[in-house]
Amino acid sequence: MFHILLETRLKAAVHLVMPDADPASVQVRPSSDSKLGDYQSNAVMGLAKAAGKNPRQLAGEILGRLEVADLCSAVEVAGPGFLNFRLAEAAMAAVLEEANRGQHLFFEPVTDPKTVVIDFSSPNVAKPMHVGHIRSTVLGDALARTLRLLGHRVITDNHIGDWGTQFGMLLLGWKTRLDRAALERDSIGELERIYKEINRACELEAGVRDQAKAELVLLQGGDERNLGIWKEMIRLSQIQFDAVYGRLGVRFDHTLGESFYNPWLGGLVKDLVLEGVARESDGAIAVFSDGSVPAKEDPLKIQRDGEWQDQPLLIQKSDGGFNYATTDLATLEHRIRTWSPSDILYVTDGRQQSHFRQVFTVFKRWRPEAAAGVRLVHVWFGSILGEDGRPFKTRSGDTIKLGELLDEAEERALGVVREKRPDLMEVEQREIARVVGVGAIKYQDLLPNRQSDYTFSWDKMLALNGNTAPYLQYQYTRAAKLVRDGGDGGSKEAGIRLETGEERALARHLLNFGWALTAMGEEQRPNYLCNYLYELAGLSSRFYEACPVLKSEEPLRSSRLALCQLTARVLKTGLDCLGIEVSDRM
RNA sequence: GCGCGGGUAGCUCAAUUGGAUAGAGCGUCGGCCUCCGGAGCCGAAGGUUGUGGGUUCGACCCCCGCCCCGCGCACCA
């Protein structure tokens, strides 16, 4: 909140002193250390360097033009040229009072809303959702929620895997080996079983492979029976997806799977060839480098045995089939044409980096005018490892199903709830365990820097202290309970008084909620918000420790209740951005 | 081989992208319950940021070399 006000004022002052300076380089952020002040700017040192000036002297000149008397009690130049701002208590209290009246929650919706398409989750039809889908799903959902809260127009699109060669085997399996009763009981399990069985049979006898291939050709040719079976498989899969998404609280605006783009793929390839972007190579159609960038930066080049060779993007296989690159190009074109987004975010794992670099590059060459207006971002993430440091699997080496993972999380959380709160009724214990269990899985996933691999640990994610979902949820519950117990007598109009260091520390951190939200949105890094909330939780806990709330005298009591109320609201809103629920009792 | 990541406290991870004294949790050690709040709070010890150079007021972050680890490198997605 204040960082934006101060930044605007500082930019104005810089402009008066150095009219040519780039305003974007002038930034104000919360102080790294509260002893130094509440906000700081490091911009003057950079400006001085660029202009060959003495930084402290320049800082002095800018300070002379800076008008912040209404906001700050002190502004100082420190060290080599840091600017330190100390907020005036009245200004701080005024903003807290506004928030308490419900005028804002320490952030303002953006003035220039963007249209952002987010592509995430993308499970495959006829397969169970598994651990590999957690990060994409949880991260994508958190980004969507946060960007929406900030006022952007967000379109979420689940690009499910509902087309491809695997359907040849699935169709053959459906026709020859389907157990109807098993399909009734556990449709995905049965689809998985027939797929595995046919897959195995294919390796043993060539005839089966040919049969599967024939089924695929029929499907692609529009055979009605195969289309019917295929649609039924999608329907059954969607039921499973919806069940998992329901538990995770994730929803999509669109589910346009790969098959949606089928009608355009042939024309797309022809067009790319016609435009001279793609050409035939070993029977396949591929896009080669156009040499417009140095080989080192060219995603369509690779160095092998000491020399640069082509690393083309295949858009049609030699058998006439299409690749996922073809679909990705068609998808991109469709999204731009349909929604005119300013950004498209692809939330997938890091192994697909080179693929997306290639697709983006090829698209820019194919449709330069469409590509010019949109920022394509691959929001990639690392893998989830087991405690042995290897990819996270069951003991027997199988992939872990997402539904079962959530079951276990809730079950383990229930164990803790029963131990800590034996006084609650079973239904209530179960509800708390659900909120805590699912929240813990999500938070563990969002807390690490998304680009690093992380180690999955039940004990750590469900721990009651430390940077975990249960801890944050608990701190919310404490704050909410104090507010409930305090009654709401006049608290909306309460004057804010910051008498102790703990109150002041809590208050100044509350002010920075918007800063954390923005940082998360701009960099697609939920860990910024996680760490902000964790600090808030710690500060609020220290505040309760030092400051009696309900037992204090008015007007302090109302002021402190208001701080509790604001803390609860920020924690709840922040956790909601992460897709994490809270409970009024824990 | 080339590309993309990573290497930070005993362990698991941060460090808002070049800022001030590198921070948390766990573990270890030591404290705090006649509390509105214990699923809590406070404190201590613990670091040559893989390694050797360089750039500058300032480097975990940028540049160069080297050592480990993971992932990816035509017709799977």
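Let's start with what covers one helix. The buried residues of α11 are covered by, among others, the strands β7 (278–281), β8 (284–287) and β11 (313–316), along with the helices α12 (324–339) and α13 (353–366). And which residues of α11 are buried? Helix α11 spans residues 262–274, and its buried members are Leu 265, Leu 268, Val 269 and Leu 272. Here's a handy idea to keep in mind: an α-helix has 3.6 residues a turn, so residues three or four places apart point the same way. After α11 comes Gly 276, which has a positive phi, near 80 degrees.

Now step back for the whole picture. Keep in mind that you're looking at a predicted model. Chain A has 22 helices and 15 strands. Along its principal axes, the C-alpha atoms of chain A fill a box of roughly 85 × 70 × 40 Å. Of the 586 residues in chain A, 51% are buried. Then there's the matter of who touches whom: take the contacts in chain A with a separation of 6 or more, and 73% of them are between residues 24 or more positions apart.

For an example of two helices meeting, find α5 (residues 134–149) and α20 (residues 513–523). Their axes come within 10 Å and cross at roughly 125 degrees. That angle is why α5 counts as oblique to α20. The crossing of α5 past α20 is left-handed. Who makes the contact? On the α5 side you'll find Ala 142, Leu 143, Thr 146, Leu 147 and Leu 149, and α20 brings Leu 517, Met 520 and Gly 521. Sorted by class, the contact of α5 with α20 has 6 nonpolar residues, 2 polar ones and no charged ones.

Most residues other than glycine have a negative phi, and most peptide bonds are trans. Phe 106 isn't a glycine, yet its phi is positive, about 70 degrees. You'll find Phe 106 in the loop between α4 (89–100) and β5 (115–119). Is Phe 106 buried or exposed? Phe 106 counts as buried because its relative accessible area is 0%.

Ser 340 is another non-glycine with a positive phi, this time about 45 degrees. Ser 340 sits in the loop between α12 and β12 (343–349). With a relative accessible area of 55%, Ser 340 is exposed.

Glu 554 and Pro 555 are joined by a cis peptide bond, with omega about 5 degrees. Look for Pro 555 in the loop between α21 (526–546) and α22 (556–577).

Last stop: the cysteines. How many disulfides are there? The count comes to 0 disulfides, with two cysteine sulfur atoms needing to be within 2.5 Å of each other to qualify. Cys 577 has 2% relative accessibility, so it counts as buried. Cys 202 counts as buried as well, at 5% relative accessibility.

Key. Residues numbered from 1 in each chain as written. Chains lettered and ligands numbered in written order. Predicted model: local features only at pLDDT ≥ 70, side-chain atom pairs only at ≥ 80, totals over all residues. Heavy atoms only, no water. Axes fitted to C-alpha atoms, helices over the stretch in contact; angles between N-to-C directions. Helix = DSSP H or I, 4+ residues; strand = E, 2+ residues; numbered from the N terminus. Parallel < 35°, antiparallel > 145°, perpendicular 65-115°, else oblique. Left-handed = near helix turned anticlockwise from the far one by under 90°. Contact = heavy atoms within 4.5 Å. Nonpolar A, V, L, I, M, F, W, Y, C, P; charged D, E, K, R; others polar. Buried < 20%, exposed > 50% of the residue type's maximum accessible area, 1.4 Å probe, protein only.
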